[in-house]
Amino acid sequence: MITFIVAIIALVLGYIFYGSFVEKIFGVDTTKETPAFTKQDGVDFIPMPLWKIFLIQFLNIAGTGPIFGAIGGILFGPAAYLWIVLGCIFAGATHDFLSGMISLRKGGASLPEIVGDELGTGVRQIMRIFSLLLMVMVGAVFVTTPAGLLSGMTNGWGEFLGSKDFWCIIIFCYYLLATLLPIDALIGKIYPIFGVALLIMAAGVCIGIFTNEGAMPEITEAFHSHHPKGLPIFPFLFITIACGAISGFHATQSPMMARCLSNEKHGRIAFYGAMITEGFVALIWAAAAIKYAGGTSEALAGKMCGNPATIVNFICNDWMGRIGAILAILGVVAAPITSGDTALRSARLITADILNFPQDKVWKRIAVSVPLFVISAILMLIDFDVLWRYFGWLNQTLSIFTLWAITVYLYRNNKCFYLTLIPAIFMTAVCSTYITMAPEGFACSAIVGYSIGILFTIALSTVTIVYMRKRKNQIDIYNGNAL
C-alpha cells in the first residue's frame with residue numbers, strides 16, 4: 001500500500017514540476033493564433049473549450065489500455081509501479097505534450113509529417129506506413145473486443161443480437177459516422193460523458209483499494225520478475241504496459257486535438273495532463289488487480305483466465321455492486337470503441353495529409369475512409385491474440401520514431417533535447433530487444449536478445465545523433481548566408 005500511495009503522489013508532483021519544466025523548455029506563446037482559428041473548417045479544425053479537449057484527449061489515448069495493460073503488467077510484480085510513474089512523467093507525458101505542441105506549431109500536421117520534417121523523406125514514408133497500419137489495426141482490435149463482449153451479454157436475446165458479426169457491423173457503422181462527421185458533432189458530445197464515467201470508475205476502484213482486505217506487494221521486496229511464465233522485466237514489462245506509461249499511438253491522437261486548441265497555454269493540461277491522468281488510472285488498476293487476487297501474480301493469473309476483462313468485471317461487481325457492474329460495461333465495451341473510432345478518424349486525416357486532399361466535403365471524407373475500413377475489416381480475420389501482440393510492439397516502435405523526431409526538433413531549435421533523447425534511447429533498446437526475444441518475433445535466447453538490442457540501440461542512436469548535428473550545421477550555415 002505504501003508503494004501505491006507514494007506512486008500516486010509522485011505523479012502529482014511530476015505534473016506540477018516536471019510538466020512545468022517541459023512546458024518552459026518548449027516555450028509556449030500565448031499570443032500565437034492557433035490552427036483552430038487560422039484553418040477553421042467546421043470539420044476537423046474547430047475551437048473547443050479546454051475541459052472538453054482534455055476529456056476527449058484522455059479517452060482517445062486511454063480506452064482499455066491503462067486498464068488491461070496495467071493488469072497484465074502487475075504480473076511482473078511491483079516493478080510495474082515504477083515503470084508507470086517514471087515512464088509516464090519522463091517519457092509518456094513528455095512525448096504526448098511535445099508531439100501535440102509541435103503539431104500545433106506546424107498547423108495541426110499529422111504525426112508522419114512531423115517526423116518526416118525532422119528525420120527526412122525516407123523516414124516520412126516509413127512513418128506513413130507505420131502510422132496507417134497501426135491506426136487500422138487499432139480499429140480492427142477495438143471492434144472484435146467489444147463485439148465479442150456484447151454478443152456474450154446478449155446471448156439468448158435472439159439470433160441477431162447474440163451474434164458477434166451483428167455487433168461488429170453495428171460498431172463499424174458507428175465508426176464510419178465518427179470518422180465522417182465534424183469532430184464536435186458526435187465525438188465532442190459523447191466523449192466527455194464516457195471520459196467522466198471512466199474517471200468515476202477509476203475513483204470507485206481506488207476507494208475499494210483502501211476499503212477492502214487483501215495483500216499488496218511493495219517495491220522494497222526482492223526486485224525481480226514475479227511473472228507466472230517467468231518472463232523477464234526487461235523488455236516484456238515495457239511492452240505490456242504501454243498506454244499507462246508511453247504509447248506511440250498517443251502521438252497520432254494529439255494532432256487531432258491540436259487542431260482544436262484555442263490557446264497554446266492549454267497544451268500542458270490537454271496533453272501532459274491527460275497522460276498523467278492515464279497514469280493514475282493505470283496505477284489504480286494495477287494495485288486493485290493484485291490486491292483483489294491476494295497479492296500474488298499466480299493468483300491473479302488464475303483469476304484472469306487469460307482475459308483482463310474478467311478481473312475488471314469481478315472487481316467492479318464485488319467492490320461497487322450494481323453501479324460497478326454498469327461502469328464495468330462502460331470500461332470494457334465503450335472505452336475500446338472510443339479508441340477505435342478516433343484511430344480510424346486519425347487514419348483519414350493522415351491519409352488526407354499524405355494526398356494533400358482537403359476534407360471539407362463529405363464525399364472526399366468518404367473516398368478516403370472506405371479503403372481504410374476495408375483494410376481494417378480484413379485485419380479482423382487474423383487471430384486476436386496474434387493481432388494484439390503485434391499491435392503492442394508496433395505501438396511502442398512508433399514512439400521511437402516520435403521521440404527521435406522530437407529530439408531533432410529540440411536540438412535544431414537550441415532547446416534541451418535531453419528531454420526526449422534519453423527516453424528515445426531507452427525505448428529503442430526495449431523494442432529492439434523485445435522483437436528479438438518475443439515468441440512472435442525471432443524467439444532468441446536472453447543473451448542473444450540483449451546483445452542484439454544493445455548493439456542496435458548504439459548503432460541507431462549514433463546514426464541519429466550524427467544526422468541531427470549535420471542537419472543543425474546545415475541550418476546554421478543557411479541562416480548565416482541569409483544574413
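The following legends describe close-up views of a predicted model. Residues are numbered from 1 along each chain as its sequence is written, and side-chain values use heavy atoms, without hydrogens and water.

**View 1. Helix H3 and its surroundings.** Helix H3 spans residues 50–62; helices are DSSP runs of H or I with at least four residues, numbered from the N terminus. From first to last C-alpha, its 13 residues reach 18 Å, close to the 18 Å expected at 1.5 Å a residue (1.5 Å times one less than the number of residues). Ten of the 13 residues are buried, where buried means under 20% relative accessible area, exposed over 50% and partly exposed in between (1.4 Å probe, protein chains only). Among the buried residues are Phe54, Gln57 and Asn60. The buried residues of H3 pack against helices including H4 (65–73), H5 (79–105) and H14 (308–355), with contact taken as heavy atoms within 4.5 Å. Just after H3, Gly63 adopts a positive phi of about 60 degrees.

**View 2. Salt bridge between Arg105 and Glu264.** The closest N and O atoms of this salt bridge are 2.7 Å apart; the criterion is a side-chain nitrogen of Lys or Arg within 4 Å of a carboxyl oxygen of Asp or Glu. Because Arg105 lies in helix H5 and Glu264 in the loop between H11 and H12, the pair ties together parts that are 159 residues apart in sequence. Arg105 is partly exposed at 30% relative accessibility, whereas Glu264 is buried at 1%.

**View 3. Salt bridge between Arg124 and Glu113.** The closest N and O atoms of Arg124 and Glu113 are 3.1 Å apart. Arg124 belongs to helix H7 (residues 121–153) and Glu113 to helix H6 (residues 111–119), so the pair links parts eleven residues apart in sequence. Both residues are buried.

**View 4. Salt bridge between Asp360 and Lys364.** The side chains of Asp360 and Lys364 meet at 3.5 Å, N to O. Asp360 is partly exposed, with a relative accessible area of 41%, while Lys364 is buried at 16%.

**View 5. Surroundings of Tyr175.** Tyr175 touches residues including Phe142, Pro336, Asp341 and Phe373, leaving aside residues up to four places away in sequence.

Terms used:
This is a predicted model: local features need pLDDT of at least 70, side-chain atom pairs count only at pLDDT 80 or more; totals for chains, interfaces and linings use all residues. Helices (H or I, at least four residues) and strands (E, at least two) are DSSP runs, numbered from the N terminus.
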